[in-house]
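The sequence and structure follow.

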Amino acid sequence: MPAEAPSPSTPGTVRPGGRTARTRAAVRDAVLTGLAEHGYPGLSVEYVAEHSGVHKTTLYRRWGSVEGLVADALDLAGEDSWTPPDTGSLRGDLLALAHEVVDTFSDPVVAAAPTAFISAAFQSERASEALRRFYAERFGRCAPMVERAVERGEAPPGTDAGAVARAVSAPLFFRLFITREPVDAAVAEQAADSVLAGVRAGVYAPAA
């Protein structure tokens, strides 16, 4: 469930239709391309205007700055149709989540935009807030995955779905962005199984 991601709308709101939607999508695509090519420090309103076909006066009026453009791109990413895996078992679901992170960041082309978003969050408070919104919404979508696990008797009642999803991703992101170590299928499996053990032990459920 990596970040992928435009207007200061909140994730989950209904996209506007017609010309507004096309403009927003064109701006989003230009932001993604600019981040992937030049990173956050190299992105400019002029670049987005040139590559989106939207006049920079319009960009400044609607988005205000590069910070606003990046934040809006992340907000738009939060409006996608992603759903957590449903493999029939909690272990399968956790493995699928871990493999999704590994697969995304193992492909340099696919990884370019989400990596740039994460980097931007360290340099811009608005991008940081947008990234937090993105992942909070993403983790919220994992609730059905944990609810199914509780119904199957694989997790204690009250297990925190957001905490479980964060825990699966955490060791992978640590390797990717802190220690810069490679991640692979074995690392994904280790992360999933560690979280599964914690779920079974009640680590992510309220204390009795």
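## The loop between H4 and H5

In this predicted model, Glu-79 sits in the loop that runs between helix H4 (66-77) and H5.

The side chain of Asp-80 takes part in two contacts described here: it reaches the backbone nitrogen of Trp-82 at 3.3 Å, and it is joined to the side chain of Arg-141 by a polar contact of 3.0 Å. Asp-80 and Arg-133, which are 53 residues apart in sequence, have their C-alpha atoms 14 Å apart in space.

## Arg-141, between H7 and H8

The partner of Asp-80 in that 3.0 Å polar contact, Arg-141, is found in the loop between helix H7 (125-140) and H8. Is Arg-141 buried or exposed? Its relative accessible area is 16%, and Arg-141 is therefore buried, the limit being 20%.

Once neighbours within four places in sequence are set aside, the residues in contact with Arg-141 are Gly-78, Glu-79, Asp-80, Ser-81, Trp-82 and Pro-84.

## Helix H8 and its buried face

Helix H8 spans residues 143-151, and within it Met-145, Val-146 and Ala-149 are buried. Viewed down the axis of H8, these buried residues fall within an arc of 90°, so they line one face of the helix. An α-helix has 3.6 residues a turn, so residues three or four places apart point the same way.

Beyond the helix, H8 is followed by Gly-153, which has a positive phi, near 80°.

## How H5 packs on H8

Two packed helices are described by the angle between their axes and the distance between the axes. The axes of H5 and H8 come within 10 Å of each other and cross at roughly 160°, which means that H5 is roughly antiparallel to H8. The crossing is left-handed, and the contact is made by Leu-90, Asp-93, Leu-94 and Leu-97 on the H5 side and by Met-145, Arg-148 and Ala-149 on the H8 side. Of these H8 residues, Met-145 and Ala-149 also belong to the buried set named above.

## How H9 packs on H10

The axes of H9 and helix H10 (residues 185-200) come within 9 Å and cross at roughly 145°, and H9 passes H10 in a right-handed crossing. From H9, the contact is made by Val-164, Ala-167, Val-168, Pro-171, Leu-172 and Arg-175, while H10 contributes Val-187, Ala-188, Ala-191, Val-195 and Val-199.

## Ala-113 in H6

Ala-113 has its place in helix H6 (residues 108-121), where its relative accessibility of 16% makes it count as buried. Ala-113 and Glu-37 are 76 residues apart in sequence, yet their C-alpha atoms are 9.0 Å apart in space.

Methods: Residues numbered from 1 in each chain as written. Predicted model: local features only at pLDDT ≥ 70, side-chain atom pairs only at ≥ 80, totals over all residues. Heavy atoms only, no water. Buried < 20%, exposed > 50% of the residue type's maximum accessible area, 1.4 Å probe, protein only. Helix = DSSP H or I, 4+ residues; strand = E, 2+ residues; numbered from the N terminus. Arc of directions from axis to C-beta. Axes fitted to C-alpha atoms, helices over the stretch in contact; angles between N-to-C directions. Parallel < 35°, antiparallel > 145°, perpendicular 65-115°, else oblique. Left-handed = near helix turned anticlockwise from the far one by under 90°. Contact = heavy atoms within 4.5 Å. Polar contact = N/O pair within 3.5 Å; in protein donor to acceptor, adjacent residues only side chain to side chain.
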